[in-house]
Amino acid sequence: MKSRFNKLITKIKAYNPSCDFALLEKAYEVASDAHKGQLRESGEPYIIHPIEVAHILADLELDCTTIIAGLLHDTVEDTNYTFDEMKKQFGVDTAELVDGVTKLDKIPYTTKEEQQAENLRKMLMAMAKDIRVILIKLADRQHNMYTLKYMPPEKQLEKARETLEIYAPLAHRLGIATVKGELEDISLRYLHPKEYYDLVDKIAIKRREREAYIEEIKGQIKKKTTELGIETTIDGRPKHFYSIYRKMQTQNKTLDQIYDLFAVRVIVNTVKDCYAVLGMVHDLYKPMPGRFKDYIAMPKPNMYQSLHTTLIGHEAHPFEVQIRTWEMHKVAEVGIAAHWKYKEGITGKSELENKMAWLRQMMEWQKDSADANEFMETVKIDLFADEVFVFTPKGDVVNLPVGSTPIDFAYSIHSAVGNKMMGAKVNGDIVKLGYKLQNGDIVEVLTSANVHGPSRDWLKIVKSSQARNKINQWFKKENREVNIERGRENIDKELKKQGLTYNQLFKTEWVDLMLRKFNFNSLDDMFSAVGYGGIGSSKVIARLKEEYRKTLKPEELEALEKEIQVKQEKEKRKKVIPENGVIVKGIDNCLVRLSKCCNPVPGDEIVGYITRGRGVSVHRADCPNVSGDRGEDERLIEVKWYTSPNVAYKADIMVVADDRTSLLMEITNATAEAKIPLKAMNARTTRDRQAIINLTLEIIDTEQLDRIIKRLKKVNGVHEVTRSKK
């Protein structure tokens with residue numbers, strides 16, 4: 001172990017001779033002492049792990065403090081060594097880095113997803129404070145993946161999946177290609193072993209042929225660049241197995257169809273030389289149309305810069321050439337570590353802060369996400385998405401996830417632009433809001449002061465986390481009261497579905513725990529979130545139910561489960577009556593409301609209209625609001641009445657009569673004699689002494705309604721009885 005540590009010292013001296021090696025030696029001694037007697041799953045002494053983590057950090061040429069924290073990163077969590085002791089011996093910086101890396105294994109969570117989400121939340125918060133935390137965490141995960149073979153199969157799959165979904169994308173976002181490639185390839189080996197080893201074998205078979213081909217190309221390019229007087233370093237670019245596997249899966253290609261399997265990297269001294277070499281290789285070989293990318297003019301969000309071009313060599317073999325400067329090459333390999341402000345001793349704001357704008361955005365989004373699954377999906381989308389580059393009308397570059405729409409573009413500019421959006425132009429032509437943006441598109445957002453916010457339908461078509469969060473935020477603020485009421489209704493429905501009552505679960509101490517768990521400040525905040533769809537009512541009930549179950553003895557718990565089962569069976573046996581007595585074709589659980597403009601009742605021919613954010617509005621088929629040519633036929637949907645003698649509906653009718661004494665009494669008597677409940681009545685008198693009486697009746701079908709209309713027409717002085725339109 002000591003010899004491996006001495007090699008670490010040698011490695012650091014090569015790039016950072018001013019490191020405090022005495023403190024580094026002390027950190028090694030403290031870690032060795034703290035982990036004495038501890039073994040890894042492999043049976044090796046535990047101290048090997050922190051030493052190897054420190055080596056990975058040194059390969060990234062990180063500062064002395066980070067490497068010391070790497071040596072000590074497991075001491076506080078796994079030994080009796082304390083945070084205060086570390087702060088006293090190694091300083092606040094080192095102690096806080098180690099604390100940021102420390103996992104949350106001791107905090108209980110209901111599900112694996114919740115634990116993973118909370119670990120990630122803490123990591124993001126620590127990253128926002130000091131980005132070196134994630135660099136240590138990535139090095140820790142990389143070495144753990146090297147020893148994954150010693151873990152049980154289920155643990156191997158769990159770690160490999162988490163690495164592929166979270167840690168490798170984080171390394172990519174930070175531009176650390178060396179770590180990203182390692183993490184992806186090891187994860188693939190455990191998640192899809194058959195495909196991995198099949199790929200390894202196929203690539204090995206053609207390795208000699210491929211190496212000979214690449215050597216020939218390198219020689220031709222070197223000869224030409226020497227003639228032009230351009231100093232170059234040329235090598236073959238190794239392609240990671242996971243990168244090949246993902247392209248084969250997503251693009252449905254065979255190994256022979258992966259163009260950049262044959263790849264050459266040309267490193268030069270200046271940006272000018274980059275473009276000179278590009279022109280030269282395009283003269284030397286035939287470029288493939290649409291396969292050139294200029295990441296120098298438009299860098300990736302992870303700071304990556306290079307020119308990429310795919311060319312056709314002899315025997316029609318396509319190959320890729322990447323051209324970059326030495327500085328760009330450093331960034332491509334180690335990403336954010338190449339811009340290290342701590343290495344330079346720079347304080348205050350720097351270019352690094354601008355590069356990490358995406359992290360600040362993720363921190364904002366996580367505050368608004370109560371649901372662990374939703375948060376994890378948001379992070380995965382943001383980390384994993386490939387980018388598409390589009391332009392504003394002024395020529396500014398905007399990068400968005402592939403598959404983004406003009407709505408995503410609008411919200412990337414400003415939430416106010418998205419909220420007032422009425423349409424969009426792409427390259428001068430008006431397009432649908434669901435149009436998928438392409439590289440190089442010039443996008444113009446059309447806004448209107450008359451637009452009062454986004455549509456809920458937009459949530460189905462936006463791709464970026466930024467747009468989805470801003471749309472949800474608008475609905476939270478604008479419709480709070482409606483959301484609270486809807487949330488209460490959803491909670492009540494879920495309670496009935498599970499055979500429980502509000503009083504059983506909503507105890508103050510349990511509610512407080514639930515609110516803290518899901519980051520809500522009040523019960524109304526929770527109801528509002530349920531109402532707008534930010535969290536499912538079943539998750540809330542499950543959390544409260546878990547606390548309730550803890551208070552019960554085994555026999556009480558068994559009795560409760562039986563009672564719930566009986567209630568649920570009864571509910572299943574009941575005939576389900578759709579809301580408002582209307583069945584919507586193809587949709588089981590949908591908000592339905594009877595339109596007030598035509599007041600349909602059973603027996604009327606009806607049609608449904610899909611509204612923005614308020615479910616399906618049901619109209620009479622002859623209602624002028626839906627029967628005309630509105631240009632929105634795609635929003636009409638087939639509906640029908642649910643036939644049952646036990647379902648009653650409200651119907652509004654208007655009576656016009658001569659104003660006289662006892663008129664109201666005779667009208668109410670007529671409804672009573674017909675045994676039709678009168679729910680509301682409103683009467684007024686016109687200047688020419690005509691009485692206008694509006695009645696709201698509870699009827700079963702149109703036949704009953706027709707009968708009461710005929711009965712009312714017989715009342716003395718009544719001129720007209722019609723179904724009213726409010």
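The structure holds one disulfide, a term used here for a pair of cysteine sulfur atoms within 2.5 Å. The model is predicted, so that local features need pLDDT of at least 70 and side-chain atom pairs count only at pLDDT 80 or more, while totals for chains, interfaces and linings use all residues. Residues are numbered from 1 along each chain as its sequence is written, and side-chain values use heavy atoms, with hydrogens and water left out.

The disulfide joins C19 to C64, with an S to S distance of 1.8 Å. The link of C19 and C64 is right-handed, with 40° about the S-S bond. C19 lies in the loop between α1 and α2, whereas C64 belongs to helix α4 (residues 64-72), so the pair ties together parts that are 45 residues apart in sequence. Helices (H or I, at least four residues) and strands (E, at least two) are DSSP runs, numbered from the N terminus. C19 is buried, at a relative accessible area of 7%; buried means under 20% relative accessible area, exposed over 50%, and partly exposed in between (1.4 Å probe, protein chains only). C64 also counts as buried, at 11% relative accessibility.

Helix α4 is mostly covered, with eight of its nine residues buried. The buried residues of α4 are C64, T66, I67, I68, A69, G70, L71 and L72. Helices α2 and α4 pack at an angle of about 10°, and their axes are 9 Å apart. Axes are lines fitted to C-alpha atoms, for helices over the stretch in contact, and angles run from 0 to 180 degrees between N-to-C directions. The two helices, α2 and α4, are therefore roughly parallel to each other; angles under 35 degrees count as roughly parallel, over 145 as roughly antiparallel, 65 to 115 as roughly perpendicular and the rest as oblique. On the α2 side, L23, L24, A27, Y28, V30 and A31 meet I67, I68, L71 and L72 of α4, where contact means heavy atoms within 4.5 Å. This contact of α2 with α4 has ten nonpolar, no polar and no charged residues. Ala, Val, Leu, Ile, Met, Phe, Trp, Tyr, Cys and Pro count as nonpolar, Asp, Glu, Lys and Arg as charged, and the others, Gly among them, as polar.

Helix α1 (residues 2-15) packs with helix α2 (residues 21-34) at an angle of about 155°, the axes being 12 Å apart. That angle makes α1 roughly antiparallel to α2. The contact is made by K2, F5, I9, I12 and K13 of α1 together with F21, L24, E25 and Y28 of α2. By class, the residues of the contact of α1 with α2 comprise six nonpolar, no polar and three charged.

C274 is buried, with a relative accessible area of 0%. C623 is in no disulfide, and the nearest cysteine sulfur, that of C597, is 3.5 Å away. The relative accessible area of C623 is 3%, so C623 is buried.

K545 is placed in helix α28 (residues 537-550) and counts as buried at 18% relative accessibility. Not counting residues up to four places away in sequence, K545 touches Q498, L500, L505 and I564. Q690, in strand β19 (residues 690-699), is buried, with a relative accessible area of 18%. Leaving aside neighbours within four places in sequence, Q690 is in contact with V656, A657, D658, R684, T685 and H719. The C-alpha atoms of Q690 and R660 are separated by 9.1 Å, and these residues are 30 residues apart along the chain.
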